[in-house]
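Here is a friendly briefing on how two chains pack and meet. Have the viewer open as you read, and start with the core.

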Amino acid sequence: MKNLIVLLLLLFSFTASAQNDSLFNRATTYYNEGEYEKASENYFKIIENGEHSAAVYYNLGNCYYKLNQIAPSIYYYEKALLLKPNDREIKNNLSYAKNMTLDAFEPLPETSLSKLYKNITRLLSFDQWSYAAVLFVFLFILAYLLFYYLRYSTQKRIAFIASITSFFIAVFCFVLALIQFRDFKAEIPAIVFSEELIVKSEPNNRSSQAFLLHEGTKVYVLDELDDWKKIELKDGKTGWVPSDEIKLLKDF
Amino acid sequence: MAQDKEAITFEVKLSKSKLGINERLRVDFAMNKDGDNFTPPDFQGFRVLMGPSQSISSSWINGVRSYSKTYSYTLAPTAQGKFTIKQATITIDGKVYKSLSKNVEVTAAVDRPNDQMSVDDIADDNLHLVAEVSKTSPYLNEAISVVYKLYVSPSINVSNFRHLDNPKYNNFWSQDMPFTRYDVQNGTYEGKAYRFVVLKRVVLYPQKSGQLTIEPLSLDVTLEVPSNKRDFFGGRIYTQTNKTVSAGKRIINVKPLPVEGKPSDFGGAVGSFEFSVSTSKTTLNASESLQAIITVKGNGNLKLFQLPEPSLPGALEVYEPEFNEEVRTTLSGMKGKVSNNYTIVPSFRGKYPIPGITFSYFDPEIKSYKSVTSDEIMINVMEGPLGSGAITNAPSSQNKQAVIGANDQFNFIKLKPNLTAIGTNYFFGSTRFYFWLFSPFLLIPIAVLFGKRREAIASDIAGNKIKKANKLARKYLSEAKKALGNKDAFYIALEKALHNYLKAKLKIETSEFSKDKIASLLSKKEIDETAIHAFVDLLKNCEMARYSPFSDVQMQQDYNKASETISSIDKKL
């Protein structure tokens, strides 16, 4: 009986994914024929069915780029990048879309130390760092056992050094994964969707205008109060905006 | 003149018919031929201050003599009221002539008991400087014009004038419209015929709402005014005088622009305008330049507002705009066009939208605001390097351009779906992760225990022996063990196993297999006699078993014996 249910579930999920695959293929055809709206409808159906991938979001971004809609285009490219952080095609097309945005600002200057820190932590994603940590733990155990079993002192020495090094590398990877995971959790990026967004200095309508943003700009959410969100820009400016004017990237 | 030669006139002339009680009245009795017995009237109600004084003038013009004799009196009224200057009589050539009687009204005392009109009085009456304002209650920034005109009556002459004080138009933006020469025109002023000269024309744009004053314009005018004196020929002598005239202060009531319906981007433009945004091209290569022109055309305060600025994509290089104006100022205001010419150089490939620009202005004709929005323009940059966008991951943006390379096209969509269920499924922090991270550490105690045990086993000799025998037996006698109970099969298998063993250990071929040979070979390997004997016995048993009955017990015995023998031989080999 139990086996039967499992089998049925498997079969169901298989048919669902088969349906999504055909939706995806149809979308590809639509896209190639220039019917970008129909293509994007199909991609949305796939997402509604509870499945996603970097490819789906990337293709949605392409559709919106072709339709000259800046904000959704950048939004879906950025989403694709979250799933596949180092994909070159996505980065390439995202830079096309970013050319269309109106806002440009100088990012805050960074010290060389923090640059180095960022360069190292961002070398791999936190999942990749954790895989590396597991790998080096295994290497450490292997080297340790070799050290334990080997009889000759030179071999023992080499094994010992190898085990100690891989142990430290494993700890290092784990710490980096931890740091990056914390950074990732703390960072809540969002994309401005309204054509022109007046950023206020306080979370109410009476307060004065701090600055102006235009659609497609990436902001980081720091805080939230009622229907307002506190945002920060790449150049360090902060302000409050109504929640429905921006769209969070990490909503999956 | 001919008929006048005979005609004799006798007239009375009053200097004025209405006078104040503190004024004087001059009465002249004039005749054109000398007479006798002049009898003045009794001037009732007046006191004679002076007179009678006689004056005679005679002149010859073109052979005609003209003569005039006048008796003059200067009178001062004694009471208010209406009086009559009665008839005077004179006898000329024997005839009595009478003058007409005249009525005089004496009123209350007047301010200036000037009997004589002064030159200034005459100038005041005959010279007027007027400021004509086209609109006295304009909107803020709506054009009004002021025209200064100098009206001069035909009885006086203006020989020169000089501007004393040019008005300052505080709170107005003003533009003077100069002209090269003054034209004298004919016109009317308060119903009388005058000549006038336009002195100054100014267009004003009020910059503040409320009551604004236009300061008066003052002129110093040199005039020629006729005097009472006459020259030798009887013509009037003109006296020259200077007179300062000024146009009165004018108050302009400037209405503020209505607050209701004021667009948020209203930049102060008032008038009626056309608005357009255009680019010189929409398709180009990177590092070529294009012009975006924002133009406002029409009537209104063209020089007084800021043109709306386009909000251009941050990735475009935009230079300071070049401002052009082609504006003519007329009495009705400024007319023409102003434009801002932006030079744009895209450095990277891609599409760049120039969003629609909204221009708002107030139309005073229909008294409401109007907004014009231009269409969005899309600029396509075909060739050129690909930008990374201005706001990509900060410090490495330069590097990133290099990584992406110069020839990366806009990529096509991905064709493999690689779908996964939506949901966060991070490896880091999952139990799976911690299992894989820490479970290897358990291997250490396991391995240590294992190693310890192996050492213990290695040190246990007796146990080892048995183990080894078992191992050998397993290797060679497994088939025989399987056939245990089945006599024929068992012994065939046993014999085969023994042979195989020898084959493996002593390297002998099956063909040269005889018990003697085996015995000698084994003894060569220094194997003790009992073991050789047991081995040969076993082979014998195998042969015998084929022809005689063997019990199960014997079979088991032989099996055990075989394994023991093999292990004992093996120890020596």
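The largest nonpolar core has 102 residues, and those with the most contacts inside it are Tyr58(A), Ile74(A), Tyr77(A), Ala97(A), Ile191(A) and Leu204(B). A nonpolar core here is a set of buried Ala, Val, Leu, Ile, Met, Phe, Trp, Tyr and Cys residues joined through C-beta atoms within 7 Å; buried means that 20 or more other C-beta atoms lie within 10 Å of a residue's own, with C-beta atoms placed from the backbone. This is a predicted model: local features need pLDDT of at least 70, side-chain atom pairs count only at pLDDT 80 or more, and totals for chains, interfaces and linings use all residues. Residues are numbered from 1 along each chain as its sequence is written, while chains are lettered from A and ligands numbered from 1 in the order in which they are written.

- A second, separate core has 23 residues, including Leu498(B) and Tyr559(B).

**Where the chains meet**
- In chain B, 49 residues are in contact with 53 residues of chain A (C-beta atoms, placed from the backbone, within 7 Å).
- H4(B) supplies the largest share of the side of chain B that touches chain A, 10 residues.
- Strand S1 (residues 51–52) of chain A pairs with S31(B) in the antiparallel sense over two bridges (pairing needs at least two DSSP bridges).
- Within S31(B), Ala421(B) stands opposite Glu51(A).

Terms used: A residue is buried if 20 or more other C-beta atoms lie within 10 Å of its own, exposed if 12 or fewer, and partly exposed in between; C-beta atoms are placed from the backbone. Two residues are in contact if their C-beta atoms, placed from the backbone, lie within 7 Å. Helices (H or I, at least four residues) and strands (E, at least two) are DSSP runs, numbered from the N terminus.
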